[in-house]
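Please read them with the structure open.

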Amino acid sequence: HSAEARENQSVVLAFPVKNIKKLHPNSAFKLLQNLLPLISENFAHASNIILTLKHIGSLIGLYARVEEMGTEILKTLLEPVFASRAIIVLKEADGRTGKIRAVVGFANNSILHKTIFIDDDFIFNQVIKKNELVNIREADYMIGKKKNPYIEKSVLAAPLSIGNYTIGAIALIDKKKDGGFTANNEILLSIVAQMISFGINN
């Protein structure tokens with residue numbers, strides 16, 4: 001007797017209280033016990049998103065250089081999404097290359113300002129040239145033939161866009177927890193990507 005509603009790939013399940021009351025007390029308790037962690041995790045994630053976005057919002061426009069702004073934003077993002085590292089790549093004027101403009105979490109900053117040939121990089125080719133969000137879990141990355149020197153097991157990357165023009169990408173690298181980056185992580189990164197694009201444009 002559950003009700004299900006689908007919109008934009010979201011699924012909502014509703015359990016009428018009268019149906020729960022019909023269950024044996026032990027069964028009702030087990031049902032609620034299993035639902036509570038999921039509910040509390042989503043509430044915790046919602047508050048986490050709000051606090052993270054508030055902090056990032058305060059950073060936009062605070063720094064004159066993309067490197068400084070990007071680095072501080074990446075530092076803010078690592079903890080709530082449990083990512084090991086993160087980078088921001090901006091497309092160069094030739095349209096064929098991109099330059100790493102901010103990095104966090106790497107043993108050294110040797111890749112900062114490194115030039116990337118977009119066509120040769122299967123992550124940034126998809127994100128920058130095709131303007132698509134990419135989320136590759138560890139299991140898929142490990143069995144895939146294509147590898148990147150800066151990714152060990154998983155990546156979540158989103159395009160940085162101004163209007164219809166993609167100017168670069170932001171990537172969260174190597175999720176610390178099992179299972180890879182989540183749909184909630186995708187939502188947060190997509191919002192942050194828009195905020196960064198706005199900051200760069202200004």
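1. Basis. This is a predicted model, in which local features need pLDDT of at least 70 and side-chain atom pairs count only at pLDDT 80 or more, while totals for chains, interfaces and linings use all residues. Residues are numbered from 1 along each chain as its sequence is written, and side-chain values use heavy atoms, with hydrogens and water left out.

2. Sheet order. Six strands form an open sheet in the order β5-β4-β3-β8-β7-β6, with antiparallel pairing. The edges are β5 and β6 (134-136), each with a single partner strand, so one side of each has no neighbour in the sheet. On average, neighbouring strands are turned by 25° against each other, direction ignored; axes here are lines fitted to C-alpha atoms, for helices over the stretch in contact, and angles run from 0 to 180 degrees between N-to-C directions. Strands (E, at least two residues) and helices (H or I, at least four) are DSSP runs, numbered from the N terminus. Two strands pair if DSSP finds at least two bridges between them.

3. β4 (residues 97-104) and β5 are antiparallel over 3 bridges, and G98 stands opposite I116 in β5.

4. Strand β7. Of the 8 residues of β7 (residues 155-162), 6 are buried (under 20% relative accessible area; exposed is over 50%, partly exposed in between; 1.4 Å probe, protein chains only). It runs antiparallel to β8 (residues 165-175), joined by 8 bridges, and P159 has A169 in β8 as its bridge partner. The hairpin of β7 and β8 has 2 residues between the strands, and G163 takes a positive phi near 65° there.

5. Helix α6. This helix (residues 183-201) has 19 residues and reaches 27 Å from first to last C-alpha, close to the 27 Å expected (1.5 Å times one less than its number of residues). Its buried residues are N185, L188, L189, V192, A193, I196, S197 and G199.

6. Second largest pocket. Its volume is about 170 Å³, taken as the space filled by probe spheres set on grid points joined across faces, edges and corners. Of the 13 lining residues, D120, D121, F122, N148 and P149 are the closest to its centre. (On a 1 Å grid over the protein atoms alone, a pocket is an open set of points where a 1.4 Å probe fits, with protein on both sides within 12 Å along at least five of seven lines; lining residues have an atom within 4 Å of a point.)

7. Residue D120. It lies in the loop between β5 and α4 and counts as exposed because its relative accessibility is 67%. Its C-alpha is 9.7 Å from that of R96, 24 residues apart along the chain.
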